[in-house]
Amino acid sequence: VGEGPGMKIIEEREKNGPFTDIFDFIQRVDLHGVNKRILEALARSGGFDSFTEIDRHQFFCLDEKENTFIENLLKYGNSFQNDQLSTQQSLFGGNTEIEIPTPVIPVCQEWSKMYRLNQEKELIGIYLSAHPLDDYKFEIEHFCNTTLSDFSDLTSLQNKDISIAGIVTDVRHATTKNGKPYGNLTIEDYTDTYRITMFSKDYMDFKSYFTVGYFVMLKGKVQPRMFNENELEFKVQKMHMLSDVKENLIKNVKVKVPLSSINEGIIEELRSLTETKKGNALLNFVVYDPVDKISVQMFSRAGKIKVSDKFLEYLKKSTEIEFELSE
């Protein structure tokens, strides 16, 4: 927003105290410097998030005249400040002051989480209020063994089975001089970004994932390039949508419960969480006695379970149950 307008906002806040709401803000700041573009940038990036009576998307809602709330807010602010100035200059003092009604905060369609975060990234350079991958922390924790920051030293990863996850932030489709298709995609995780180039069959196999905004998991190995053995590359062997990982990759759930914790309540809870929908994962139980060091393993032969978010959340929160997931 520029140093000048930013300093004017800070100076007003330090002089007369924190802004109590968006109307207090627009009444007090110097609107000659804090214009529509700056208000839009502050709203989009989360600068007004402390004003709990209004959300970011509402600043851009249109009224019946196709005016945004920010435009109506500026009209109100200018009218209020002009009225204050006129009152101060009047021979009759404050008795001629006219109360100007505040514009009504509109109601409209909320922004998606991804759109909101992209606004932050565009204006600030980082994701501020959250990260797009937060919804897939479980998949990343249990199925990924490498971060993109580790790719800064490919030698240390050579010949290892690598699993990484990220969001696709950039793609490019092209053809070689010989007319063969190729492409590259850039992915980003919590730690870094990395660009991967694919040729020929690899590109044809995985190009459906070359879409900005896709959340993906990649499996492969770091190995010498085909035509340059002195240079290493990450060779992608499999790709998955992160949204499909739980259902398609979890093939076995092992639940370990101490004998002393087995009761009717825990049995009913586990039954209700696993019997509602059938899926692709085998459910194994290990009941053990830590005192006598005896354990019994049991599994369902009849059917497989669907690994739901609710089931996983129950396992994670339980202090008595240990669990393992495998492909």
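**Ground rules.** I'm working on a predicted model, where local features need pLDDT of at least 70, side-chain atom pairs count only at pLDDT 80 or more, and totals for chains, interfaces and linings use all residues. Numbering runs from 1 along each chain as its sequence is written, and side-chain values use heavy atoms, with hydrogens and water left out.

**Tyr-127.** I found Tyr-127 in the loop between helix 5 (113-124) and helix 6 (137-143); helices are DSSP runs of H or I, at least four residues, strands are runs of E, at least two, and both are numbered from the N terminus. Tyr-127 is buried at 13% relative accessible area (buried is under 20%, exposed over 50%, partly exposed in between; 1.4 Å probe, protein chains only). Leaving out residues up to four places away in sequence, I listed what Tyr-127 touches: Met-114, Leu-117, Asn-118, Glu-120, Lys-121, Pro-132 and Glu-188 (contact means heavy atoms within 4.5 Å).

**Pockets.** A pocket here is an open set of points on a 1 Å grid over the protein atoms alone, where a 1.4 Å probe fits, with protein on both sides within 12 Å along at least five of seven lines; lining residues have an atom within 4 Å of a point. Volume is the space filled by probe spheres set on the points, which are joined across faces, edges and corners.

The largest pocket comes to about 530 Å³. Of its 22 lining residues, Met-198, Phe-199, Met-226, Phe-227 and Glu-233 are closest to the centre. Strand 5 gives the largest share of that lining, five residues.

The second largest pocket is about 430 Å³. Helix 9 contributes most to its lining, also five residues.
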